[in-house]
Amino acid sequence: LAEVSSDGKHYTYCNPLNTEKGERFDWHGVPCCPPMFLKLTGALPGYAYARGKGGYYVNLFLGGKTSFDDAAAGKVVLAQRTRYPVEGTVEIAVAPSRPAKFPVRVRIPGWVRGAENPFGLYTSDASGKWSVSVNGKAVAPKLEAGYQVIDRFWKRGDVVRLTLDVSPRRIRACDKVKALVGRTA
């Protein structure tokens with residue numbers, strides 16, 4: 001599904017850069033493969049949060065929560081509140097059963113840093129503005145593999161606040177993509 005309208009009632013499979021009018025279709029009962037939607041819905045929690053050697057990862061910004069069992073911290077609950085992508089603020093409550101030191105890694109999308117994709121195929125005029133705070137105190141940027149690393153002693157009630165500049169931006173393909181020269185999204 002290439003794009004759903006903000007009202008959720010229309011969609012398009014086509015790339016708007018390659019259509020004459022860029023019109024969206026009215027929604028209908030079977031817009032694409034329903035089994036794929038069910039598969040994605042079932043897998044979504046694993047895409048949103050993860051745990052690994054590098055700590056706890058917040059990959060997607062959506063309302064909800066998850067929990068992990070941790071030897072040192074007991075049960076670690078990560079809960080998000082956000083209106084992303086309409087608004088650029090994401091709040092992540094970090095609540096271990098017992099205070100403990102561990103890293104939380106929050107994905108900083110490439111687009112907010114002006115890198116629309118990792119291969120340089122697209123560029124944008126994104127501002128590059130983003131910030132992270134914990135309990136209202138700014139956290140110095142420490143990016144590792146696209147994640148802001150926050151390694152600290154966590155306790156129940158701690159809140160990470162991510163602020164992304166979600167204002168509109170122009171995206172352009174590199175000049176080697178001849179069909180898109182002079183076009184912008």
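This is a predicted model: local features need pLDDT of at least 70, side-chain atom pairs count only at pLDDT 80 or more; totals for chains, interfaces and linings use all residues.

User: How is a pair of aromatic rings described?

Analyst: Two quantities are used: the distance of the centres and the angle of the planes. In this structure, the count comes to five aromatic pairs. One of them joins Phe61 and Tyr84, with 5.4 Å centre to centre and 85° between the planes, an edge-to-face arrangement.

User: Which parts of the chain does the pair of Phe61 and Tyr84 tie together?

Analyst: Phe61 belongs to the loop between strand 5 (55–58) and strand 6 (64–70), and Tyr84 to the loop between strand 7 (74–82) and strand 8 (89–96), so the pair ties together parts that are 23 residues apart in sequence.

User: Is Phe61 buried or exposed?

Analyst: Phe61 has 6% relative accessibility and therefore counts as buried, the cut-off being under 20%. Tyr84, at 21%, is partly exposed.

User: How is the pair of Phe102 and Trp154 arranged?

Analyst: Phe102 and Trp154 are stacked, with 25° between the planes and 6.1 Å centre to centre. This pair links distant parts of the chain, 52 residues apart: Phe102 is in strand 9 (residues 100–107) and Trp154 in strand 14 (residues 147–154). Both Phe102 and Trp154 are buried. Together with Tyr56 and Phe68, they form one aromatic cluster.

User: How do strands of a sheet pair?

Analyst: They pair through backbone hydrogen bonds, in either the parallel or the antiparallel sense. Here, five strands make up an open sheet in the order 4-5-9-14-13, and the pairing is mixed. Strand 4 (49–52) and strand 13 (143–144) are the edge strands, each pairing on one side only. Strand 5 and strand 9 are parallel, with three bridges. Tyr56 has Val104 in strand 9 as its bridge partner, and Tyr56 is also a member of the aromatic cluster.

User: Where is Ser167 found, and which side chain does it contact?

Analyst: Ser167 lies in the loop between strand 15 (158–164) and strand 16 (171–173). Its relative accessible area is 38%, so Ser167 is partly exposed. A polar contact of 2.7 Å connects its side chain with that of Asp165.

User: How far is Ser167 from Gly88?

Analyst: Their C-alpha atoms are separated by 8.7 Å, although Ser167 and Gly88 are 79 residues apart along the chain.

Conventions:
Residues are numbered from 1 along each chain as its sequence is written. Side-chain values use heavy atoms; hydrogens and water are left out. Rings of Phe, Tyr and Trp (its six-membered ring) pair if their centres lie within 6.5 Å; planes under 30 degrees apart count as stacked, over 60 as edge-to-face and the rest as tilted. Helices (H or I, at least four residues) and strands (E, at least two) are DSSP runs, numbered from the N terminus. Buried means under 20% relative accessible area, exposed over 50%, partly exposed in between (1.4 Å probe, protein chains only). Two strands pair if DSSP finds at least two bridges between them. A polar contact is a pair of N or O atoms within 3.5 Å; within protein, one must be able to donate a hydrogen and the other to accept it, and residues adjacent in sequence count only if both atoms are side-chain atoms.
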